[in-house]
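Trainee: Could you go through this model with me? I'd like to start with a loop and then move on to the helices and the core.

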Amino acid sequence: MTDSAIPVFSFKFHWLNEQGVATTMFAKKASFDGKMLVLDETTIPVAAILQSVVRDNRLVLVIFTGVEENPVTHLLLQPSSIKVTNDLKARLDIARSDVWAKQHQEELEKKGLGHTYRGEECPVCTATLILTDMPKSPQLYCHFCDSLSTIDPLNDPIKNEKDFKICEECGMYSKPQKFTIFYFYFLLVVYGWWSKATWRCPACMRGEAWKMLFGNLIFVLGVPTAIIQLIRAYGSDAVSGTFKGLNSGNLKARKGDVVGALKNYRAILDRVPYSAGVKYNLGSALLRQGDQQRAADTFELALEDCSNYAPAYQQLKVLYPQLGETVRLKELDKMWSSGAEEENKEEEVA
């Protein structure tokens with residue numbers, strides 16, 4: 001599709017302050033044509049958008065300004081609906097990943113190394129991922145949508161694999177879901193409620209769900225919501241499928257029961273040909289036990305399944321110097337120096 005054939009995506013939004021509160025009463029007009037994002041009177045080249053993060057129906061944009069005193073700035077906005085927010089993020093990620101890939105390829109061609117360029121399209125969000133200098137592997141990680149996909153042509157796609165990601169709460173590969181934390185209070189003539197949406201794996205939600213149940217018992221009205229969240233937190237682990245037992249294994253790993261966690265993880269690995277995420281969890285469990293060498297070996301196994309799996313790379317980046325593995329660290333940095341260019345841009349502002 002040529003640039004001229006890309007339809008303009010128009011929408012309305014509200015500017016938000018740092019507390020997430022709208023700064024204007026009336027919605028502003030905005031549009032995105034694949035190259036420029038226009039927010040009211042502000043125009044932003046897509047290549048300058050370093051990061052885009054969605055929280056509920058809010059969108060956070062990290063922008064490169066090019067100004068020496070303040071090279072990076074954050075913009076907070078709330079599009080008209082969650083559908084518009086997710087659609088806009090997807091369009092921005094696809095466009096900026098394509099721009100970065102083209103820039104990288106042009107730089108290689110200037111050096112006479114254009115033939116070394118390698119890229120893949122994320123099967124989930126279709127963003128372009130730079131993989132130059134990275135060995136081919138049966139899995140592919142996308143830092144734009146945080147998905148881990150099995151792309152080995154000799155194996156069938158894994159059902160619902162795109163739903164499994166790194167949990168922001170515990171930092172383990174799992175199946176994060178949207179949970180609601182809700183409290184109702186009544187004090188004489190004053191009453192009200194407090195509510196918050198949170199994304200975390202069911203195992204991480206269990207403790208919060210119990211606190212919510214006991215905290216709402218005295219006023220009753222918040223109890224139904226607490227019970228629903230409890231059922232979701234515990235029922236999610238009973239779902240049959242390829243990754244059955246993952247939450248139980250993660251709980252055991254966090255409690256220091258590496259042997260018990262390994263039993264759950266092995267059962268999963270017997271059902272799937274590759275899983276960098278599960279091996280990453282095992283490496284994290286070993287690291288919690290202080291076994292740095294075995295943890296590093298396991299993170300390396302994760303990279304064999306998915307050569308661009310950023311969570312495993314980040315762990316090895318820290319572990320290799322501690323283990324005195326200077327040669328391996330150098331090889332790792334070389335592999336990631338160009339292959340993760342677009343991710344490095346995001347890490348710099350994280």
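Trainee: Is Asn-160 buried, partly exposed or exposed?
Mentor: Bearing in mind that this is a predicted model, Asn-160 counts as partly exposed, because its relative accessibility is 41%, which falls between the 20% and 50% cut-offs.

Trainee: And where does Asn-160 sit?
Mentor: Asn-160 is placed in the loop between S11 and S12, and its phi is near 60°, a positive value in a residue other than glycine.

Trainee: What about Lys-159, where is that?
Mentor: Lys-159 lies in the loop that runs between strand S11 (147-150) and strand S12 (165-166), and with a relative accessible area of 66% it is exposed, since the cut-off for that class is over 50%.

Trainee: How far is Lys-159 from Phe-243 in space?
Mentor: Their C-alpha atoms are 9.8 Å apart, although Lys-159 and Phe-243 are separated by 84 residues in sequence.

Trainee: Changing topic, which residues of the largest nonpolar core touch the most other members?
Mentor: That core has 55 residues, and those touching the most other members are Tyr-173, Phe-243, Leu-246, Tyr-265, Tyr-309, Leu-332 and Trp-336. At least two core residues each come from strand S10 (139-142) and from helices H2 (202-216), H4 (246-254), H5 (258-269), H6 (276-288), H7 (292-305), H8 (310-323) and H9 (326-339).

Trainee: What does Leu-332 touch, then?
Mentor: Leaving aside residues up to four places away in sequence, Leu-332 touches Leu-303, Tyr-313, Leu-316, Lys-317 and Tyr-320.

Trainee: Now the helix pairs: at what angle do H2 and H3 pack?
Mentor: H2 and helix H3 (residues 223-235) pack at about 160°, with their axes 8 Å apart, and that angle makes H2 roughly antiparallel to H3, because angles over 145 degrees fall in that class. The crossing in which H2 passes H3 is left-handed.

Trainee: Which residues make that contact?
Mentor: From H2 they include Met-205, Trp-210 and Leu-213, and from H3 they include Ile-227, Leu-230 and Tyr-234.

Trainee: How do the axes of H6 and H8 cross?
Mentor: They come within 10 Å and cross at roughly 30°, which makes H6 roughly parallel to H8, and H6 passes H8 in a left-handed crossing. The contact is made by Tyr-280, Ser-284 and Leu-287 of H6 together with Pro-311, Ala-312, Gln-315 and Leu-319 of H8, a set that divides into 5 nonpolar, 2 polar and no charged residues.

Trainee: Last one: where is Ala-267 placed, and how far is its C-alpha atom from that of Gly-245?
Mentor: Ala-267 is in helix H5 and is partly exposed, with a relative accessible area of 30%. The C-alpha atoms of Ala-267 and Gly-245 are separated by 8.1 Å, the two residues being 22 residues apart along the chain.

Conventions: Residues are numbered from 1 along each chain as its sequence is written. This is a predicted model: local features need pLDDT of at least 70, side-chain atom pairs count only at pLDDT 80 or more; totals for chains, interfaces and linings use all residues. Side-chain values use heavy atoms; hydrogens and water are left out. A nonpolar core is a set of buried Ala, Val, Leu, Ile, Met, Phe, Trp, Tyr and Cys residues joined through side-chain atoms within 4.5 Å. Buried means under 20% relative accessible area, exposed over 50%, partly exposed in between (1.4 Å probe, protein chains only). Helices (H or I, at least four residues) and strands (E, at least two) are DSSP runs, numbered from the N terminus. Contact means heavy atoms within 4.5 Å. Axes are lines fitted to C-alpha atoms, for helices over the stretch in contact, and angles run from 0 to 180 degrees between N-to-C directions. Angles under 35 degrees count as roughly parallel, over 145 as roughly antiparallel, 65 to 115 as roughly perpendicular and the rest as oblique. A crossing is left-handed if the near helix is turned anticlockwise from the far one by less than a right angle, and right-handed if clockwise. Ala, Val, Leu, Ile, Met, Phe, Trp, Tyr, Cys and Pro count as nonpolar, Asp, Glu, Lys and Arg as charged, and the others, Gly among them, as polar.
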